[in-house]
Amino acid sequence: MLSLIQQYLLEKNLISPNQRILCGVSGGVDSMVMVDLLLKCKVNIGIAHINHNTRGAESDGDHLFVKNFATEYEIPFFDFTLNSSIKDSPDFQQTARKLRYEFFNKIVTEQGYELIATAHHSDDNIETFFMNLLRGSGLSGLSGIPLIYGNIIRPLKFASRSMIEIYATQQQIDFREDSSNLSDKYLRNDIRHNIVPAIENIKPTARDTINRSISNISSAQSVLKSLVFEKYVNQLDGTLLINKQIPRGDDGITILYTILGDYGFNRNQLKDILESKKGGSKIITPNWTLINDRNHYTLLESVKNVLINITIESEGEYFLSDGRIVVIKESQTKDAFWFTTSPFPLTVRSRLEGDRFRPNGMKGKSKSIKKYLTDIKVESSQKPQILLLEKENVILGIIGYRQSVEVEKSIDKIYGIEIEIILNTNLSPIHI
């Protein structure tokens with residue numbers, strides 16, 4: 001089996017020389033075999049263990065077993081214990097998975113690992129296929145467990161459960177037995193113990209043929225995704241823009257799901273936004289926000305609503321709490337803010353409900369900033385990023401859009417400033 005994994009790692013280009021790999025290790029036979037093989041392949045690994053806290057002393061025993069193994073082999077060890085209060089939750093499996101990968105990624109970031117390795121194998125792939133089939137999944141769900149997903153790799157995906165167990169016996173690898181794997185309380189176990197054996201009674205080579213079918217579905221999904229992205233998706237400075245000229249009904253939902261399923265959106269949510277005629281409507285998940293803009297659907301990473309309010313004392317760079325940078329510099333251009341003397345201090349802040357200003361060129365009439373942005377057709381996805389320039393509680397302009405007549409009052413203007421907002425997302429700078 002060692003030669004098989006060496007060949008597999010090379011063929012699939014899973015691990016590059018000198019990469020540091022964080023292994024998710026439960027203490028069960030799959031993960032202990034994975035660690036054994038990666039060590040024999042001279043891979044630089046760390047071990048992360050989650051105590052799911054569901055089986056009392058047995059869970060604690062798994063934790064101690066993995067910790068002692070890491071200590072014996074001088075492997076960096078990281079652990080995390082789930083709060084026991086979530087074990088009775090109806091969506092415990094999903095919640096535990098989310099917390100597990102959040103912990104893995106935290107260690108990757110803090111400790112300098114590049115990839116996360118999990119011990120999923122070809123039988124897990126079959127079980128996942130049936131679980132998703134019974135849930136009514138589309139092509140994406142029926143594509144099984146991906147070999148590579150972001151920074152996650154599955155180096156044992158080529159192997160069956162029986163291959164792993166035989167290798168463990170031959171190499172005398174110690175591991176822990178999880179008693180919950182014997183119970184049919186969980187759907188995965190029910191499929192493993194009952195459905196797959198029943199299919200094998202009909203066709204003894206069923207495991208191989210099912211995995212081949214999963215591979216074919218995965219290839220079809222990959223082709224579909226590529227074609228859909230080519231036709232409907234543009235990326236503008238890191239923001240995903242989806243053309244709204246897509247069919248209505250089930251075909252449109254399938255197109256949106258092909259694009260957005262990986263971002264945590266479900267078909268019901270996408271059906272709602274597809275049928276919505278209200279501009280600016282949103283669907284928000286923990287990590288992403290989908291906005292129904294005028295000409296396209298905009299996908300943005302969800303961020304907390306950060307209110308900006310900083311004092312500008314002089315020219316220079318000012319770092320905002322949302323990651324952006326305000327650059328203030330002297331300017332001689334006609335579009336600069338012009339003053340009779342040095343204008344500092346100034347204030348740069350977020351817009352607030354009820355804010356009004358008097359746009360230049362509008363004969364001094366006051367207008368709500370909210371209505372002004374709507375009138376000039378600023379996309380809903382951009383409005384939370386809008387910043388105002390203010391002096392002594394008087395709004396001098398909307399940065400990047402319009403100055404106020406308050407600036408025009410000055411005669412004999414001799415001091416001009418330019419304001420530049422540099423975005424963390426590599427968007428083009430906005431000037432005023």
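At what angle do helix 5 and helix 8 pack, and how far apart are their axes?

Guide: This is a predicted model, in which local features need pLDDT of at least 70 and side-chain atom pairs pLDDT 80 or more, while totals for chains, interfaces and linings use all residues. Residues are numbered from 1 along each chain as its sequence is written, and side-chain values use heavy atoms, without hydrogens or water.

Helix 5 (residues 122-134) and helix 8 (residues 206-232) pack at about 65°, and their axes are 10 Å apart. Helices (H or I, at least four residues) and strands (E, at least two) are DSSP runs numbered from the N terminus. Axes are lines fitted to C-alpha atoms, for helices over the stretch in contact, with angles from 0 to 180 degrees between N-to-C directions. Helix 5 and helix 8 are therefore roughly perpendicular to each other; that term covers 65 to 115 degrees, with under 35 roughly parallel, over 145 roughly antiparallel and the rest oblique. Their crossing is left-handed (the near helix is turned anticlockwise from the far one by less than a right angle; clockwise is right-handed).

On the side of helix 5, the contact (heavy atoms within 4.5 Å) involves Ser122, Asp123, Asn125, Ile126, Phe129 and Phe130. Helix 8 meets them with Arg207, Ile210, Asn211, Ile214 and Ile217. Six of the contact residues are nonpolar, three polar and two charged; Ala, Val, Leu, Ile, Met, Phe, Trp, Tyr, Cys and Pro count as nonpolar, Asp, Glu, Lys and Arg as charged, and the others, Gly among them, as polar.

Val196, Ile199 and Glu200 in helix 7 meet Ala206, Arg207 and Ile210 in helix 8. This contact divides into four nonpolar, no polar and two charged residues.

Five strands form an open sheet in the order 7-8-11-10-9, with antiparallel pairing (two strands pair if DSSP finds at least two bridges between them). Strand 7 (233-236) and strand 9 (282-284) are the edges, each pairing on one side only, and the twist averages 20° from one strand to the next. Within the sheet, strand 8 (residues 239-243) and strand 11 (residues 296-301) are joined by four bridges in the antiparallel sense, and Leu240 stands opposite Leu299 in strand 11. Helix 8 lies across strand 7 and strand 8, running at about 65° to strand 7. Helix 10 packs on the sheet as well, touching strand 9, strand 10 (288-292) and strand 11, and its direction makes about 25° with that of strand 10.

Helix 10 (residues 267-275) in turn packs with helix 9 (residues 249-260) at about 120°, their axes 9 Å apart. Helix 9 and helix 10 are therefore oblique to each other, and their crossing is right-handed. Helix 9 contributes Gly249, Gly252, Ile253, Thr254, Leu256, Tyr257 and Leu260, and helix 10 contributes Arg267, Leu270, Lys271, Ile273 and Leu274. Of these contact residues, seven are nonpolar, three polar and two charged.

For orientation, the whole chain holds twelve helices and 23 strands, and its C-alpha atoms fill a box of roughly 90 × 50 × 45 Å along the principal axes.
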